[in-house]
Amino acid sequence: MTTDWTKIEFMKRDEWVKDPDRVHPEVVYLLDEIRRAAMTPIVIHVAWDDSGHESDSTHYTAPGEFALGVDFHIKGWPLLEQWLFVERFPWYGIGLYPYWAHPGLHADLRPSGREHPNIGRRWWRDRAGQYRALDRGLLMLLLSGSEGQQV
């Protein structure tokens, strides 16, 4: 199973940094669908990766498997709008990253039941790098519009 790049309307193969052939085709098709609906560019940070993530990350793969996650941001959109928009699509896991240089999301198609311990299928990473369940702190940050700022 490989991605049929002739079906991709907006995203280009070389935007899928590192090795696009190791990303599950459904991840590619779904992000292209989001790009179509958003009507604005999406910047992919990484999909398949070989380092720098949690040990059970959906960015890593065993031989013959595909990465099931992608990190990205919707250009020009506040994080709150990105999150609410992406929730309309059938991702299993969504993480919010307000302290990236360009605040954005991790979205994945991890198999049902495989979740972050104690935080479920929706989470965020705070300024200290700790993964947390969605909580008042995140909502206050998103509503204040100060994501990405190192206050």
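This is a predicted model: local features need pLDDT of at least 70, side-chain atom pairs count only at pLDDT 80 or more; totals for chains, interfaces and linings use all residues.
**Reading helix packing and backbone exceptions**

Helix 2 and helix 3 pack at an angle of about 115 degrees, their axes lying 8 Å apart.

Trainee: How are two packed helices described?

Mentor: Two packed helices are described by the angle between their axes and the distance between the axes. Axes are lines fitted to C-alpha atoms, for helices over the stretch in contact, and angles run from 0 to 180 degrees between N-to-C directions. Angles under 35 degrees count as roughly parallel, over 145 as roughly antiparallel, 65 to 115 as roughly perpendicular and the rest as oblique. Helix 2 and helix 3 are therefore roughly perpendicular to each other.

Trainee: Which residues meet between helix 2 and helix 3?

Mentor: Contact means heavy atoms within 4.5 Å. Leu79, Leu80 and Trp83 in helix 2 meet Leu139, Leu142 and Leu143 in helix 3. The residues of this contact divide into 6 nonpolar, no polar and no charged; Ala, Val, Leu, Ile, Met, Phe, Trp, Tyr, Cys and Pro count as nonpolar, Asp, Glu, Lys and Arg as charged, and the others, Gly among them, as polar.

Trainee: Which residues of helix 3 are buried?

Mentor: Buried means under 20% relative accessible area, exposed over 50%, and partly exposed in between (1.4 Å probe, protein chains only). Helices (H or I, at least four residues) and strands (E, at least two) are DSSP runs, numbered from the N terminus. In helix 3 (residues 136–144), the buried residues are Leu138, Leu141 and Leu142. They cover an arc of only 95 degrees around the axis, which puts them on the same side of helix 3; the arc is that of the directions from the helix axis to the C-beta atoms. Their cover includes helix 2 (79–86), strand 3 (93–97) and strand 5 (122–125). Exposed Arg136 and Leu143 are carried on the face turned away from the buried side of helix 3.

Trainee: Where does a positive phi occur at a residue that is not a glycine?

Mentor: Methionine 39 has a positive phi of about 55 degrees although it is not a glycine. Methionine 39 is found in the loop between helix 1 and strand 1 (42–46), and is exposed, with a relative accessible area of 70%.

Technical notes: Residues are numbered from 1 along each chain as its sequence is written. Side-chain values use heavy atoms; hydrogens and water are left out.
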